[in-house]
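Try each task before reading its solution.

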Amino acid sequence: MTRVERADRRLGLRLALALVATFGLGVPFMLLALLVRARWEPLIGLDTVVADGLHRVALRSAWLVDMLKMLSTVFDPVAFRVVLTLAALWLLRVGRRRLAVWTLVTVWGAALLGWGLKVVVARARPDLVDAVATAPGRSFPSGHALGSTVGAAVLLLLVMPLLRRAFRGVALAVAVLVPLVVAFARVGLGVHYLTDVTAGLVLGLAWVTATSAVFEW
C-alpha cells in the first residue's frame with residue numbers, strides 16, 4: 001500500500017467515524033426537541049422537579065447565585081464568538097485560510113442554528129416565583145450551553161497542536177468542564193430547564209463534529 005493510499009484510508013476512517021458520531025448525537029437531540037414540542041409529561045415533570053429543586057437552593061444561597069451569574073457572564077457565547085473571530089482573523093493573516101473559514105463557520109453557524117431552533121421549538125423559559133435571574137428569548141436549546149460547547153471545542157482543536165503532550169490532558173479536561181459548568185449555571189439560575197442545556201450540549205458536539213468532518217474532507 002502506497003503512502004497516498006494509506007492517507008486516503010485514514011481519511012476515510014476519520015470521515016466514517018465523524019458521520020457515525022454526528023448521527024449518534026443528532027438523533028438524541030431531535031428526540032429531545034420532539035418530546036419538548038409534544039410536551040411529553042415524564043420529560044416535563046423531570047424538568048419541573050429539577051428546576052424547582054435548584055430554585056429552592058438558589059433562594060437560600062446568595063453567594064451561589066452570584067457565582068452562577070459570574071460564570072454565565074464569563075462564558076457567555078458572545079465572549080467565545082469574539083475570541084474565536086479574532087483567532088480566525090489571525091489565521092487569515094498567517095495564511096491558514098481553510099482553518100479560519102472553518103472556525104468562523106462553526107462558531108457563527110452554531111449561533112444561527114441555535115436561534116433558528118429556538119424559534120421553531122418556541123419553548124417558554126421557566127416561570128419561577130421570586131426568580132433570581134431572568135433572560136430574554138426562548139428556552140430550547142440553551143444558547144449558553146450550545147455556545148460554550150462549540151466555543152470550547154473549537155478552541156481546543158485550535159490550540160491542541162501547539163501544546164506539549166503534558167498539557168493536552170489539562171486542555172481537554174477544561175474544554176469538557178466549562179460547558180458542563182455553564183449548563184449547571186443556567187439551570188441553577190432558573191433561566192433554563194435541564195432538557196434545554198442537555199440539548200445545547202448535544203447539539204454543540206454534533207455541530208462541531210459535522211463541520212470538522214467537512215473540513216477534513
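**Exercise 1. Find which helices supply at least two residues each to the lining of the largest pocket.**

Solution. Step one: list the contributors. Helix 1 (3-37), helix 4 (77-93), helix 5, helix 6 (143-159), helix 7 (165-188) and helix 8 each give at least two residues to that lining. Keep in mind that this is a predicted model.

Step two: look at the space itself. The largest pocket holds about 820 Å³, and 32 residues line it. Nearest its centre lie Trp102, Ala153, Leu156, Leu157 and Leu158.

Step three: sort the lining by class. It divides into 26 nonpolar, three polar and three charged residues.

**Exercise 2. Describe the second largest pocket by its volume, its lining and the classes of its residues.**

Solution. Start with the volume: about 440 Å³ of space lies in the second largest pocket. Its lining has 26 residues, and Pro77, Arg81, Lys118, Gly143 and His144 are the ones nearest the centre. Two or more lining residues come from each of helix 4, helix 5 and helix 6. Of these, helix 5 provides the largest share, with seven residues. Finish with the classes: 13 nonpolar, seven polar and six charged.

**Exercise 3. Decide whether Thr103 is buried or exposed, and list what Thr103 touches.**

Solution. First place the residue: Thr103 sits in helix 5 (residues 97-121). Next, check accessibility: the relative value is 0%, so Thr103 counts as buried. Then collect the contacts: leaving aside residues up to four places away in sequence, Thr103 touches Leu84, Ala88, Leu91, Val154 and Leu158.

**Exercise 4. Classify the geometry of the aromatic pair formed by Phe75 and Phe80.**

Solution. Begin with the count, which comes to one aromatic pair. In that pair, Phe75 and Phe80 are 6.3 Å apart, centre to centre, with 20° between the planes. Planes under 30 degrees apart count as stacked, and the pair is therefore stacked.

Key:
Residues numbered from 1 in each chain as written. Predicted model: local features only at pLDDT ≥ 70, side-chain atom pairs only at ≥ 80, totals over all residues. Heavy atoms only, no water. Phe/Tyr/Trp six-rings, centres within 6.5 Å; stacked < 30°, edge-to-face > 60°. Helix = DSSP H or I, 4+ residues; strand = E, 2+ residues; numbered from the N terminus. Buried < 20%, exposed > 50% of the residue type's maximum accessible area, 1.4 Å probe, protein only. Contact = heavy atoms within 4.5 Å. 1 Å grid on protein atoms, 1.4 Å probe; cavity = no way out; pocket = protein on both sides within 12 Å on 5 of 7 lines; lining within 4 Å. Points joined across faces, edges and corners; volume = space filled by probe spheres on them. Nonpolar A, V, L, I, M, F, W, Y, C, P; charged D, E, K, R; others polar.
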